[in-house]
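Notebook open, structure up on the screen. I wanted to get my bearings and jot down what I looked up along the way.

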Amino acid sequence: MSGAKSASGYPLLANDPHLQLNLPSIWYQIQLNAPGVNVYGVTIPGAPTVIIGFNENAAWGVTNVAADVLDFYQLKFKDRTRREYWHDGSWKPVRRVVERIKVRGRPDRLDTVLYTHHGPVVYDKPEKPFLPQTPTAHAMRWTAHDGADEIMTLYRLNRARSYADYTAALASWASPAQNFIFADNEKDIAIWPNGRFPLKWRDQGKFILDGTNPAYDWQGWIPQAQNPHVKNPARGFVSSANQFSAGPDYPYYLNWTFAPYERGHRINQRLAAMRQVTPDSLRQLQNDVLDLNAQLMLPKMLALVAQAAAADTPEAKVLAELRRWPYQYAADAIGPSVFNLWYNNLVKRLWEDDFGSKVTKMEMRFPDRDRTNNLILNQPNSPWIDDRRTPAKETLPQLALQSLRFATDSLTRKFGPLGPKWRWANQKSTDILHLLQLPGFGQMDVDCGGGAGIVNATSERNGPSWRMVVALGPQVQAYGVYPGGQSGNPGSPYYNNLLETWRVGQARRASVSALGQRAALSCAHRLDAAGQVNRPKCKKAAPEGSGFFVRERQRLFVVFVLTSVFGAGQLPLFGLVAYVVSFAFVLLVHVAADDNNSHRGQSSNAQHHLGGGKLLSRFAQQGAAVLQQVVHVLVLALDEYVVSAFESTREVLGHDFFEPAVRFGIP
């Protein structure tokens, strides 16, 4: 957002990349402070730089471009040995690379990968692909396989002071292609959809390409300087929501499909109307739950069934509820639960008889939402409406009524008659699963609004993985939050202590001040609904939400480890002892923590309510420390039992949680 539209006169920048939500969180917050750099933001394990963030002079963020940078080529091998392949009128050699995969406790796995000039051959043996539409024995051409220096881009962005620094940094970025937004204290704003984009004709790569004909090879790259970009536009803002990055006059081909227009359009609607913008203006925008698709389609859908739905039926009551709904995907709203099922089922009834896998015997996409909406709104007599699998000729009102009954029946079976249980948060059921999908270590049924195709795109498994708002100026102000915590240890209070802040749409203050950075993370400065910063006294950050469930998770984590080792038929008696030890350990930890937290902020001569509270706290802390060491020694001493215990408990739990750990190289 340009300084011309802000309350401070300096630019603001907001970013909230939508990704799959997991625990431990995708991101963690860091500050890098050294000679020549003072930067704050989020990164991922293993990255030596801040990926999304800000420094004292500039801020930047990223979203996916969704460019077509991966194609599959059908190959013609000379014989079954697959040592040569045909291309451009001659046989060319196949390069063979043996990959050695080490697996704990088992022999190394050897995998011979075949390489052509297009790229590696995926699934070279008959096997089931991870994705059904992935072709076997085809070469994959992908920009990520070409050399580049993305780390240098981030290194330079971390130190950027100006637009010139920003554009110089982008020169080395190739993959994945990202929309880089930027703002600085020189009052410049910009966006570059940046990456290495292949030169392709329109729709090239939409389907499998002929790997024998050089005419289908990529013919070079779009010059980086001619990637779509804009600096300081007259409208006073730049934005991206994964929609097409350029106008219809852009001369190069980027892709044939992008995210639906609604999110980007809604963002631009609100940004265009804003004046005297503050950080809270953009925080509220990030939490916008208006669904433009419902706003466009629901009136037509209501009209289609207005005469068909009989009075005093469940459908009639549902229709009355929908007529009152203001198209907001709020957590407590009933309208989204009905509309989402109704619209999606209507789309399925329109297209499944033409493009469904049972009919086509292959993986095919339905026509996109724009095409579907145009048919419903403007083509009531289209031949696509009739279900070719039935002898009768269906009409659009018939399909709309059938879909409405489906939605009503589905919600009634799930929640009972129309009522508060039909609320959108219950139907959507946002789940933040553990990264390895270990049962009990995620956060299920997060009570929040939003949905796919909405600015707050929190769906069943995806959502804003990091919300950030930065106000540039002499003293940079920034706020951020992500749905998790700084720790990857499920027994830590910092495993998901930021989740509640994220769930309710608030944010925490971040700073690039050289001092007190740990305090900045734990003092819980928040933007309230009025845009003011609440500054409570700093205290030890405690888990948000129900303390009981946090304590239960901590106890479960310790007990899970110990009883997995000892309780699966290995040493039953010792398993019982380990359970008691672990429970006592967690109990003492919480006696110490609760006692400490309940009296923090009191004067030094204040008396504890138990009289001997200080002594109890000190005893609990010492006892917990001793038992922690006991637990640690027990686990180390009996490490050899872990594998066999996990194998035994796998059948009990009904979930193979050990194999994923092996696959990802986790000891």
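Predicted model: local features only at pLDDT ≥ 70, side-chain atom pairs only at ≥ 80, totals over all residues.

I started at the hairpin of β15 and β16, where 4 residues sit between the strands.

β15 and β16 (residues 189-194) run antiparallel, and I noted 6 bridges for the pair. Across this pairing, isoleucine 181 faces isoleucine 191 in β16.

Then I asked myself which strand besides β16 pairs with β15. I found β7, covering residues 58-64, also antiparallel to β15, with 7 bridges. Here valine 62 stands opposite phenylalanine 180 in β15.

Is β15 mostly covered or open? I looked at residues 178-184 and got 7 of 7 buried.

Last, the confidence. The average pLDDT for the chain is 83, and 77% of the residues score at least 70. I marked residues 514-556, where pLDDT stays under 50; the model still has 81 contacts for this stretch beyond four places in sequence. I also marked residues 589-617, again with pLDDT below 50. For that stretch I wrote down 24 contacts beyond near neighbours in sequence.

Key: Residues numbered from 1 in each chain as written. Heavy atoms only, no water. pLDDT = per-residue confidence, 0-100. Contact = heavy atoms within 4.5 Å. Buried < 20%, exposed > 50% of the residue type's maximum accessible area, 1.4 Å probe, protein only. Helix = DSSP H or I, 4+ residues; strand = E, 2+ residues; numbered from the N terminus. Pairing = 2+ DSSP bridges.
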